Every structure is written in C-alpha cells, then in structure tokens.
Amino acid sequence: MDGQPNDAIVTLTRDARPNEQTGAVISKIEDILESIVDALSENRVLGIPLRNRQSGNEALIRFPANTAAGVKRFTCVLQILHMCHEALVSGNIITKRNIYYQNPDLFGSQEYVDNLVDDIAFTFGIGRGALNVVAAYKGLIAGSTTITLTNNSTLDCSSDNNGVLLPHAEAIHQINIHEAKWVLVIEKEATFRGLAASRYFETSAAGIGILITGKGYPDLVTRQFLHLFHSKFPQIPIHAVVDFDPSGIDIMLTYKRGSRSLSHEENVTIPSLTWLGPKSCDILGHVHHEQSSQAELTPPPSHEISPPPPPSPGTVPSGPVDVYSDLTRSDRRKAVNLLHRLENQNVDKATLMHELQVMLLLNIKAEIQAVDDAGNLTRWLDEKLSNRGR
C-alpha cells in the first residue's frame, strides 16, 4: 500500500526452542504412561503426579482410589494426557472443548476439564499452549490489519463489521497493520460490535486503528495475540476501555499483568497497556454537565481528583442513559481485594488505587456508555485518543 510505514509488516520466524519443548513434554507424558504400564505388570497401585495451582503442592493421584471422585480424577487425567500426547506427536492443536466432548459423561463439565488441563500444564512447568491445547477462540478483532496464517490463508480484519476471530499466536505467519496508529482493547462485546459496525477504526479523528475484545475476562488466545502484537509493534499504543467498576479494572489488569490462576503462563501480558477510561473524571464530569444547577462536580485532572462527599442513599446520579448504579456487596469486596493487591506493587498503582477509592467513597459504578448522553462513545474516544497522540 502506498504510504504504508516500513515497520507495518512483521513476518514471524519460529526458532528451535518450541520444538525442543515439544519433545520434552512428549517425554514427560511418555514417562508417566510407561510408569503406569510398569505398575500394571507388577500389580502395583497406579499413580500420576499432579500439582495444585493454588497451593503449589504436588500429590499422587492413585488408582484404585478410595472414593468415586478419586477414580474419576485419575481416569480423566489419564485421558487428557493421552489426547495431549496425540496432539503433540501429530502437531495438531486441540481445544479444551474438543477434550470435553470426547467423553462428556466422564468429565461431567467443561470447567472440570479446564482445571485439569491447567493443572497438568502447571505440573510440567509449561504454558497450556505447550500441550497443544487451547481454549475455544472467543476474542475478536476489527480494523486495519491483515493476518497471514501458517497454512497460507489470510484474515482481512476490516472485512467483517462483526469482527474476525483472533487466531492462535502459533498459527500466525505474518501481520500487516497497514497505517494503524492505535489499538483499543474493549471489555464488552456489545461495545466492540457497535464500534466495529460503525467502522470507527476507519473514521476516528485520531487516525486509522484496530479494535479488539476478549468479551469480558480475556482468554489466553486473546492475551497471547496482544502480547505478540506489542512485542512486534511496540510503536503502536494499546489502550483499554473498560467499565468504571472493580471488575473493569480487574479485567484491565488481567491484560496488563496476567492472572494469578494462570501465573505459570508465558507471553500473555502487555505491560505498556494504558487505561483510557472511563475514569472518575469522565463519569463525574458528565454528571456535572447534565446537572449543572447542582453543586460543582467538575473535577481537576484525574491525578488530582478530590471526590465530593458520598451521596445519601437513593441519590446516585442518573443521566439520560441508565448506566449508573450502586456498588454491590460483591463489587465492594472486589474493590477492597484489588486495593490490597495494588499495595504490594511498585508501579502504576497510584491512579488505580485512587479510582477504586473514589468508587468506594461515592458507592457508584458506571458502564462505558456513561460518558455520552446517548451511549455514543465516538466523540469521547476521539478526544481521548487525539490527546494521547499529542
């Protein structure tokens, strides 16, 4: 494309390390399977070592077991190991959903499979992807990007107004971002679809861009893609747009710093991710605009906000869009837990702690659409993105 920046196209090269890791994982699984065969021939109790991700402790899952739950756990782990071995030897990628539907009566639930797969990866000291197992893809992308896969197929991310499913990072051969100047990571699928349908990635006052959503708490595929994107295009800023509530901040931090339950996973964080908003200055500023006859609520810049006194019960402000509500007990508990977590971190915590404190003090949360009378984000996004680009 004429005028396309020289650094807009990245072709990925694969080094030998993944192949070496694959061989090591295959050997670990075969060692376990061989030990089971040996135990059978010697009429000994069968055992599979498995570490718990929460405690880090390793236990031996035995067969025969004392309980039906123990028998089920051993059988399920053995079947998952067998399917992972087949996938690794053949070079195929399988989903956790594939595993579950191999024997739904045995596994009982998708969550049961998910937890065992992640425990197996943790036991081996690897990421889930090293087992050739991925979650069912759910992340979406729309915008100025063309992705070429290792099978030579091409994804034009601007072709579908509903967005295109994000591929697994290992399946990507080349990424072309054309003239993109920014990336928005959006919490909610509905918000993403609205912006994609209006083709905001082409019409933004801040220039051409890219929209991505993980549909709430993101899956590993979405997080790995964003990590890959940031590592290959560090010049492109990545911004998060999440609800003004404790869950929104937690989702943003999952993208930025990872999750505690999958802390063993590699290449899933975006340390440079910035929180575009909405923040308390956006929410309170919008309320003031709508209720200018009341006491002044317009705050100074976000790092200097002095929140007004907490409202009395039943007086939570409401604008033309019904997006304001009280924090629930669960919201408050999550906010307090996030504050405790942030206290132990040394970077990027002042603004986040302040925003959480404002939420708790005012007992208010708001959806992304709170920044605009009609729930139209484009004017607010234009202003925020243009200011970041200066």
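Predicted model: local features only at pLDDT ≥ 70, side-chain atom pairs only at ≥ 80, totals over all residues.
Let me begin with Tyr137, which lies in the loop between β5 (133-134) and β6 (140-143), where strands (E, at least two residues) and helices (H or I, at least four) are DSSP runs numbered from the N terminus. Residues are numbered from 1 along each chain as its sequence is written, and side-chain values use heavy atoms, with hydrogens and water left out.

Tyr137 is partly exposed because its relative accessible area is 33%; buried means under 20%, exposed over 50%, and partly exposed in between, with a 1.4 Å probe and protein chains only. Together with Ile93 and Leu165, Tyr137 forms a nonpolar patch on the surface, with about 260 Å² of accessible area in total. Accessible areas come from the Shrake-Rupley method with a 1.4 Å probe, and for residues only the protein chains shown count as cover. Patches are made of residues with over 30% relative accessible area and no salt bridge, nonpolar side chains (Val, Leu, Ile, Met, Phe, Trp, Tyr) being joined within 5 Å and like charges within 9 Å.

There is also a patch of negative charge on the surface, where Glu30, Asp31, Glu34 and Asp38 gather. Here Asp and Glu count as negative and Lys and Arg as positive, while His and the chain ends are not counted; the place of a charge is taken as NZ of Lys, CZ of Arg, CG of Asp or CD of Glu. Glu30 lies in helix α1 (residues 17-41), and at 31% relative accessibility it counts as partly exposed.

Turning to salt bridges, a search of the whole structure finds 14 of them, each being a side-chain nitrogen of Lys or Arg within 4 Å of a carboxyl oxygen of Asp or Glu. One joins the side chains of Asp114 and Lys96, at 3.7 Å from N to O, and this pair links distant parts of the chain, with Asp114 in helix α5 (residues 110-124) and Lys96 in helix α3 (residues 96-102), 18 residues apart. Asp114 counts as buried because its relative accessibility is 19%, and Lys96 is likewise buried, at 8%.

Another salt bridge brings together Lys188 and Asp243, at 2.9 Å from N to O; Lys188 sits in the loop between β11 (182-186) and α6 (189-197), and Asp243 in the loop between β13 (238-241) and α9 (246-257), 55 residues apart. Which of these two partners is buried, and which is partly exposed? Asp243 counts as buried at 4% relative accessibility, whereas Lys188, at 25%, is partly exposed.

Finally, the structure holds five aromatic pairs, in which rings of Phe, Tyr and Trp (its six-membered ring) have centres within 6.5 Å, planes under 30 degrees apart counting as stacked, over 60 as edge-to-face and the rest as tilted. The pair of Tyr100 and Tyr101 is edge-to-face, because the ring centres are 5.0 Å apart and the planes stand at 70°. Phe229 and Phe233 form a tilted pair, at 5.0 Å centre to centre and 45° between the planes; Phe229 is buried at 2% relative accessibility, and Phe233 is buried at 0%.
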